[in-house]
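Hi everyone, thanks for coming.

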Amino acid sequence: MKRKLWFRLSCLAALLALGSRAAAAQPFVIETRFLGKALTAAQKATVISGTQRVASLIASRYDPVTVDLPADSCDKGLPRLKERLTHLVIFVTVKNLPDDEYGESAPCELHDDTYLPIYASIFLNASVLKDLPQVDLLDTMVHETLHALGVGTLWEADSRVSLNLYSDEKNFTRKIGGTLYYTGENAIAAYRKLGGRKPGVPLDPDAGHWSGDAVCSEIVSGDAGNYLGRVNPISPITLGALQDLGYAVNPRAADRFSLPDGSCPVDEE
């Protein structure tokens, strides 16, 4: 999934601390492996904090798997992967992307039984990193790591093919009355609890982000980047989407969040 240019600053220090505390107690481990152009020590720390914030959402453990995969098997530029993986590895590659993108991400090979990622890839745009506030990098990494775990990227049957070419044919999106909705039961239950009344959680046309009109600044919203001065909230809806994919989640790990009452507010710099 791709993230467009947006965002600005907020509670970076608090979230960095939260990420490190959560990582120490969290059974789901994400290892970040850096490729491509060099990041500063501060940027690396922020990238890792973003992955750890997402890891803190997950209460289930990674299913170990032995892989022997050639270079470029998931994305061009990734190395050969020949090892036994006991936790999720995310390759973070810094390279030039189109000017209007902060990053791109995708889960790579999937487990045969769970259809959850064996490893994943995130690309960060080298051309914007030099001027990117740390809080924007943190926001981007949380967003892209959620995509790397499958939120928005493993919602349709054609993407749910395992390492040994099994498929479960599961589909979490559906068009109803000309509108695209997410239909996984846990995310819908969270949406209803927040007061949502549509037949599902409304989606953007790309079928990989919540509709900005429906959730405004939520971290997986297609419009999240219109909201400056913060790391956007991880709502119970996104936590429910992780459950729908098959993860056990920490119910208290979501941020405080409300659905908009009418139109979305407009933030100003």
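With that, of the 269 residues in the chain, 53% count as buried.

Two quick notes on where this comes from. This is a predicted model, so local features need pLDDT of at least 70 and side-chain atom pairs count only at pLDDT 80 or more, while totals for chains, interfaces and linings use all residues. Residues are numbered from 1 along each chain as its sequence is written, and side-chain values use heavy atoms, with hydrogens and water left out.

Now the overall picture. The chain has 7 helices and 10 strands; these are DSSP runs numbered from the N terminus, helices being H or I with at least four residues and strands E with at least two. If we call heavy atoms within 4.5 Å a contact, then of the contacts with a separation of 6 or more, 67% are between residues 24 or more positions apart.

Let's zoom in on helix α2, residues 41–55. Its 15 residues reach 21 Å from first C-alpha to last, close to the 21 Å expected at 1.5 Å a residue, where the expected span is 1.5 Å times one less than the number of residues. Buried residues of α2 include Q43, T46, V47 and R53.

Which residues line the largest cavity? They are Y102, L124, N125, V128, L129, L132, L137 and T140. The elements giving two or more residues to that lining are β7 (119–125), α3 (126–129) and α4 (134–149).

Finally, a stop at the loop between α4 and β8 (173–176), where we find L165. L165 has a positive phi of about 70° although it is not a glycine. Is L165 buried or exposed? L165 is exposed, with a relative accessible area of 71%. E169 lies in the loop between α4 and β8 too, and its phi is near 60°, again positive in a residue other than glycine. E169 is exposed, with a relative accessible area of 57%.

Thanks, everyone!

Note on methods: Buried means under 20% relative accessible area, exposed over 50%, partly exposed in between (1.4 Å probe, protein chains only). On a 1 Å grid over the protein atoms alone, a cavity is a set of points where a 1.4 Å probe fits but cannot get out, and a pocket is an open set with protein on both sides within 12 Å along at least five of seven lines; lining residues have an atom within 4 Å of a point.
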